[in-house]
Amino acid sequence: MTLRGRLFRLSPQFFGKEISMNDFLENHVAPKKMVILGEFHGAAPIIQLQTSIQETMTKSLDLSIEGDSVDGKTSCESKDGPKVRVILEHFSMDMQGILNKYHNGMLDTPGLMKAYKEVGTEGHNLTPYIPALESAIKNENIRLYGGFIPRTYARILMKDGLEKAIEEASKAGFISKDERLNGSDAHYLYFESLLTGRNMLMDLKGVLATDRFRAKMFPAQIIKDASMAWCATSLDRILNVTGKDKMLIVCGVGHMLYSHGVPERILANCNDSSVRIVKSKDDMLRIACLPVSEGKLNKDESQTASNELASILKDAYGGSEFDAADICFVYEDSILSPDDEEEQIRKETQAAYDRVGNTAHLK
């Protein structure tokens, strides 16, 4: 398979080092128990990458009969063996019923898309994701899950306040009963920069940042992060009876970069004895996607081309001293021009958060 993009390491000691698709899948994806893919929604190269990741994770499952015991059960005694559990931002957790019907053959792909539109709360365009969805249901060792809280809870937060939203969301099982929707200053400054276009890397202390999103929009963002992390943790605790499950989490890049949002809330539970997939950061692979204008990814071995790509990565993530992610997938977006890459990325991120505001009747 020809990958429509290029892969670079972002870890401090290897920042900017390019790796091949085979190296990526065999030496980075396959050994990990959890992969978090931070995407730009609907981009075909990213969906191609997602499909390859979930298929590789499935091949790397330990399907041996002997398994760890949970409540007296081993893998040979459990109804299902190890699975790759793919958790998707695009579906809310209350849409799990239609995903189950899709798995069970009660809905075909057009039926799934029709049912999704009839529910109508999430509003993603599922058409580009058909290859990944169909690949998943053809494999008995992959299961699909809705990962986000329904957007109606953002409306509750905006209208009735934080405590009411927490009460209702935890009662419905969408977040932990201990969740308070607190976020760090570093997370807020990152979130604010996505909305305003402020260069966070040039203003790390947030001197130029505005606080106008702290009271409502920031908690509305965090409740989505918290719900996805709670979904992952709950699936691990309830369904991972063999102790050999793996997880692929697919979310917008704004929910995972610099480990803010979903990763930090998953890692906060790693010392819990009932959690088995992520026991440390080493069990997790974080992949951030980055669009560039057409022509920038030509396989030019010249020093100039190499320096340009290194500059793109440094401008986007701050260089080796920042822990933005483990891997960056750089892909070409034909819509972008060389002069509007950063603005296009900001607009796409802004649009994602505008949907939260629109749901909550924000202006």
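This is a predicted model: local features need pLDDT of at least 70, side-chain atom pairs count only at pLDDT 80 or more; totals for chains, interfaces and linings use all residues.
Two strands count as paired here if DSSP finds at least two bridges between them.

Strand β1 covers residues 6-9, and two bridges join it to strand β2, residues 18-19, in an antiparallel arrangement. Within that pairing, leucine 7 has isoleucine 19 of β2 as its bridge partner. β1 also runs antiparallel to strand β8 (residues 327-333), to which four bridges join it; there, phenylalanine 8 stands opposite cysteine 328. Both faces of β1 are covered: Arg6 and Phe8 are buried on one side, and Leu7 and Arg9 are buried on the other.

Next comes helix α1, which spans residues 21-29 and has Met21, Phe24, Leu25, His28 and Val29 buried. Looking down the axis of α1, you will find that these buried residues fall within an arc of 115 degrees, so they line one face of the helix. What do the buried residues of α1 pack against? Their partners are β1, β2, β3 (34-39), α2 (44-59), β7 (284-293) and β8.

Setting aside neighbours within four places in sequence, its contacts are Leu7, Ile19, Val29, Leu49, Ile53, Leu285, Ile287 and Ile327. Phe24 is also among the residues with the most contacts inside the largest nonpolar core, a set of 109 residues; the others are Met34, Phe91, Ile249, Ile266 and Tyr317. The largest share of this core, eleven residues, comes from helix α9 (residues 217-239). In soluble globular proteins, nonpolar side chains tend to be buried together.

Is serine 234 buried or exposed? Its relative accessible area is 18%, and because the cut-off for buried is under 20%, serine 234 counts as buried. A polar atom of its side chain lies 2.8 Å from the backbone oxygen of tryptophan 230.

Our last stop is tyrosine 145, in strand β5 (residues 142-148). With 9% relative accessibility, tyrosine 145 is buried. Apart from neighbours within four places in sequence, tyrosine 145 is in contact with Arg85, Val86, Ile87, Leu88, Gln96, Leu99, Leu235 and Leu239. Of these, leucine 99 is 46 residues away in sequence, with a C-alpha to C-alpha separation from tyrosine 145 of 7.0 Å. The side chains of tyrosine 145 and arginine 85 make a polar contact at 2.6 Å.

Terms used:
Residues are numbered from 1 along each chain as its sequence is written. Side-chain values use heavy atoms; hydrogens and water are left out. Buried means under 20% relative accessible area, exposed over 50%, partly exposed in between (1.4 Å probe, protein chains only). A nonpolar core is a set of buried Ala, Val, Leu, Ile, Met, Phe, Trp, Tyr and Cys residues joined through side-chain atoms within 4.5 Å. Contact means heavy atoms within 4.5 Å. A polar contact is a pair of N or O atoms within 3.5 Å; within protein, one must be able to donate a hydrogen and the other to accept it, and residues adjacent in sequence count only if both atoms are side-chain atoms. The arc is that of the directions from the helix axis to the C-beta atoms.
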